[in-house]
Amino acid sequence: MRILTFSVLRNCKLKSALFKNLSVEVSYAKSEIDKLADPNLVEILPSWKEDEEVELRSAVLKQMRVLPNFITEEEEASLLGEVEPQLKRMRYEFDHWDNAIEGYRETERSQWNAQNSAVLARVRAVAFPAQAQLLPHAHVLDLAPAGHIRPHVDAVRFCGDTIAGLCLLSRAVMRLAHAERAHLALDALLPRRCLYVMTGAARYQFSHALLGGAHSAWRGERVARSRRVAVIARQRPAPEHRP
Ligand SMILES: O=C(O)CCC(=O)C(=O)O
């Protein structure tokens, strides 16, 4: 599906206020992110020496959070049930010469059934500031078992301060590397059914990549990857960056 090919990942070309029609009651308070995030799922790589850029290190660790078991198995099945018919009609894209991503198919979705709307409302409540305006569509990104995403920073013209992704079907390793000093790097283990939330320095100063199965390891152990679907919510770009 070439219309979306790259539009989302490279340009994050999504539109205004995600979930704006939602009337679901949300029970999480904003500080839930601190309770739900597991700091053990984000690890600074050895190339980033302990005494180097200490403030940046502590900032990025606060700004890349992984919330394990954010959704239940039933909620995962329900989200997949809604996106699968659309995804199944597409082919995985490989081999595009300048792609930042390989082995993927993607779509956008703004209308969800009641159960999925409730899940997405929880994402909004936990991951985004109360006043944040979100893009109207969630980005649904389906990576084949052999698919991967190369390092990139989401363009400010198309995406604001915070990016939050629900991870379905497979765990994966996401690598963040400082855009100018790539040895300042960290890995995040994204377990199946987690939510990750990237904001601030983690979103702007670091590239992020989704490692392919052959390169995915966590604490010395290989992380097998199978097909993975991410449902990603993004904040609207700041007014000064809007196209
Ligand atoms: O699949 C993911 O969770 C990450 C996707 C990504 O890198 C992006 O949309 O910018």
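Student: Which strands each supply at least two residues of the shell around the ligand?

Tutor: They are S4, strand S9 (206-210) and S12. Strands here are DSSP runs of E with at least two residues, helices are runs of H or I with at least four, and both are numbered from the N terminus. Please keep in mind that this is a predicted model, where local features need pLDDT of at least 70, side-chain atom pairs count only at pLDDT 80 or more, and totals for chains, interfaces and linings use all residues. Residues are numbered from 1 along each chain as its sequence is written.

Student: What makes a residue part of the surroundings of the ligand, and how many residues surround the ligand?

Tutor: A residue is near a molecule if its C-beta atom, placed from the backbone, lies within 6 Å of it. Nine residues surround the ligand, and the closest are Leu 141, Ile 149, Asp 154, Gly 165 and Ala 230. The shell divides into six nonpolar, two polar and one charged. Here Ala, Val, Leu, Ile, Met, Phe, Trp, Tyr, Cys and Pro count as nonpolar, Asp, Glu, Lys and Arg as charged, and the others, Gly among them, as polar.

Student: Why is Leu 141 called buried?

Tutor: A residue is buried if 20 or more other C-beta atoms lie within 10 Å of its own, exposed if 12 or fewer, and partly exposed in between, with C-beta atoms placed from the backbone. Leu 141 has 24 such atoms within 10 Å, so Leu 141 is buried. This residue lies in strand S4.

Student: Why does Ala 230 count as buried?

Tutor: Ala 230 has 22 C-beta neighbours inside 10 Å, and therefore counts as buried. Ala 230 is found in strand S12.

Student: Which residues is Ala 230 in contact with, leaving aside neighbours within four places in sequence?

Tutor: Two residues are in contact if their C-beta atoms, placed from the backbone, lie within 7 Å. For Ala 230 the partners are Leu 141, Gly 165, Leu 166 and Cys 167. Leu 141, not counting residues up to four places away in sequence, touches Tyr 104, Glu 106, Ala 230 and Ile 232.

Student: Arg 193 and Arg 219 both have a positive phi without being glycine. Which is buried and which is exposed?

Tutor: Arg 193, with phi of about 75°, is buried because 20 other C-beta atoms lie within 10 Å. Arg 219, with phi near 50°, has 9 other C-beta atoms within 10 Å, so Arg 219 is exposed. Arg 193 is in the loop between strand S7 (185-190) and S8, while Arg 219 is in the loop between strand S10 (217-218) and strand S11 (221-222).

Student: How do you know that the span of H5 is close to the expected one?

Tutor: The expected span is 1.5 Å times one less than the number of residues. H5 (residues 114-127) has 14 residues and reaches 20 Å from its first C-alpha to its last, close to the 20 Å expected.

Student: Where does H4 bend?

Tutor: The bend at a residue is the angle between axes fitted to the seven residues ending there and the seven starting there. In H4 the bend is about 35° at Glu 82, and Pro 85 follows within four residues.

Student: What makes a nonpolar core, and which residues have the most contacts inside the largest one?

Tutor: A nonpolar core is a set of buried Ala, Val, Leu, Ile, Met, Phe, Trp, Tyr and Cys residues joined through C-beta atoms within 7 Å. The largest has 57 residues, and Leu 195 and Tyr 196 have the most contacts inside it.
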